[in-house]
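Subject: Structure for your review

Dear colleague,

Please find below the structure that I am handing over to you.

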Amino acid sequence: MERRRIVGHQSIFILLLLLLLPSSLHAARIGDLTDTDILEQALRFFSFRDEALRTALLGCILLGLNCGLLGSFVVVRRMSLVGDTLSHAVLPGIALGFLWNMSKDPVVILIGATAAGALAMLTVNAITRTTRLKDDAAMGLVLSSFYAIGICLVTMIQRLPTGQKSGIDKFLFGQAAALTPSEVWVMAGTSLVSLTFLALCYRGLLVLSFHREFGESLGLRMAWMHHALMLLTAFAVVTAMQAVGVVLVSAMLIIPASTAYLLTDRMHRLVIIAAVIGMLSAVLGAFFSFLGNNFPTGPFMVLAGAALFSIAFLFSPRHGWLTRMWRHYSRRRRTERENTLKAMYHVLEDRDFHGEGVSLVDLAQRRRETIEEVTHRAAALKNAHLATLTDDGTILHFTPQGLQKAKAIVRNHRLWELYLTNVMLYESDHVHEDAEKIEHVIGEDQVRQLERRLDFPETDPHGKEIPKISSVSHRS
């Protein structure tokens, strides 16, 4: 739960960062190449007749695939800051790669950026090994230092006679519309390498992610595995920067994986879902960017991923915020109904089950509540088909289902009290509060185990009869 909370906070921080980005950033858009009519633009997008669109869309999909695959392991290893560090640290390598032959040769730039990223990670490793600084401080130090060097080099390039036409500034803010076929081939190559690496080393990556010390004790090359993963992450960052830019590229590593983290507890499913979400974010970003003249592609891809994360954050079947709130509300309502049923049973038990009805007055006295509160609880039982009310609204009767549930909850309570006194050696006057809580959550299998361990008792520590198993049913 703590890890999910950290991941959620990191993703929300990135979303807030996106909202705070100044609107003057010159992120490029695919829509620059087309008209402004929305319907015509949408039809044109799905016809795929524009070669520039096909190239940009394919590049964005490969970007989303690669970032989703590798981001899964970055997120589960709590190394989300690594993506941000790499994205900023590779900028000097990009600038030096451009200066090598004064052109945007994708292979040379990839080599330069990868070398800079590797040097940055080695520097982080050296700082953490030789000083008292932790990973976050070392990454922040390296991130800012390398980025400052990169900005100086980019500024120097732009002051050259052909600097304004170099296009090197596009690495800062991204330009998906200007992706060339050669750059897409580089993206395809890095994605294929990542897929192959994950397929061949998946089990080793699992050990690295969750039990690194155990893997090292078995002699597995965890350090080699870690550096290989970081190298591929650097590849992914470098190839993605052309589309989304230095500032936003880490979001494509973190957001799809964080979204998948909220949707599943299985690592292999997380990797697949993250890759799908990464590609879906890329397609949605390219589509909405294509609809208008001034819609930037890279930020729209990140915003699409953030929207998918928001949906998962709210509605994820197991970890969604609204889902958990609904489960909590439903559990509280069920507990209230069960407590009312138990109180009705106690009223009947006190008079040796003479008569079938329980008056609201008796129920109010038993629960120490007002008539209005008990009337509300009686209506809840009636709506749940657990009890019926007489026409004058003063007497409650169990339905067959309600009586079985009442006996089940009383049985749970009294067996747990007996377990605490006989096995855990609690005093009999100190077990009621614990039993009040456990009676609503204990499962039928655990109740059967308790009963067998206590040798099928007939009375609780206070001499009250424990309802027989034949008189109760499974609780819904």
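The notes that follow cover the sheet, a helix contact, the pockets and the cavity.

Please bear in mind throughout that this is a predicted model.

The sheet and the helix across it

The model has an open sheet of three strands, arranged in the order β1-β3-β2 with antiparallel pairing. Strands β1 (357-359) and β2 (387-389) form the edges, each of them pairing on one side only. From one strand to the next, the twist averages 30°. Between β1 and strand β3 (residues 395-398), the antiparallel pairing extends over three bridges. In this region V358 has L396 of β3 as its bridge partner. In general, the strands of a sheet pair through backbone hydrogen bonds, in either a parallel or an antiparallel manner. Helix α15 (residues 360-367) lies across β1, β2 and β3, and runs at about 70° to β1.

The contact between α14 and α16

Helix α14 (residues 321-350) and helix α16 (residues 371-383) have axes that come within 10 Å of each other and cross at roughly 105°. Crossing angles of 65 to 115 degrees count as roughly perpendicular, and α14 is therefore roughly perpendicular to α16. On the α14 side, the contact is made by E336, R337, T340, L341 and M344, while α16 contributes R377, A380 and L381. By class, the residues of this contact of α14 with α16 comprise four nonpolar, one polar and three charged.

The two largest pockets

The largest pocket has a volume of about 570 Å³. It is lined by 24 residues, of which M79, M121, N125, H226 and H227 are the closest to its centre. Helices α4 (80-89), α6 (106-130), α7 (135-158) and α11 (222-263) each supply at least two residues of this lining. The largest share, eight residues, comes from α6. The lining of the largest pocket divides into 13 nonpolar, six polar and five charged residues.

The second largest pocket has a volume of about 460 Å³. Among the 18 residues that line this second pocket, the closest to its centre are K342, H346, R366, H432 and E436. Two or more lining residues come from each of α14, α15, α17 (400-422) and α18 (432-438). Helix α14, already described for its contact with α16, gives the largest share of the lining of the second largest pocket, namely five residues. By class, the lining of the second largest pocket has one nonpolar, six polar and eleven charged residues.

The cavity

How many cavities of 30 Å³ or more does the structure hold? There is one, and about 130 Å³ of space lies in the largest cavity. The residues that line the largest cavity are K104, P106, I109, L110, F171, L179, E183, V186, M187, V238, T239 and Q242. Helices α6, α9 (181-210) and α11 each supply at least two residues of this lining. Both α6 and α11 also supply at least two residues each to the lining of the largest pocket. The lining of the largest cavity divides into eight nonpolar, two polar and two charged residues.

Yours sincerely

Terms used
Residues numbered from 1 in each chain as written. Predicted model: local features only at pLDDT ≥ 70, side-chain atom pairs only at ≥ 80, totals over all residues. Heavy atoms only, no water. Axes fitted to C-alpha atoms, helices over the stretch in contact; angles between N-to-C directions. Helix = DSSP H or I, 4+ residues; strand = E, 2+ residues; numbered from the N terminus. Parallel < 35°, antiparallel > 145°, perpendicular 65-115°, else oblique. Contact = heavy atoms within 4.5 Å. Nonpolar A, V, L, I, M, F, W, Y, C, P; charged D, E, K, R; others polar. Pairing = 2+ DSSP bridges. 1 Å grid on protein atoms, 1.4 Å probe; cavity = no way out; pocket = protein on both sides within 12 Å on 5 of 7 lines; lining within 4 Å. Points joined across faces, edges and corners; volume = space filled by probe spheres on them.
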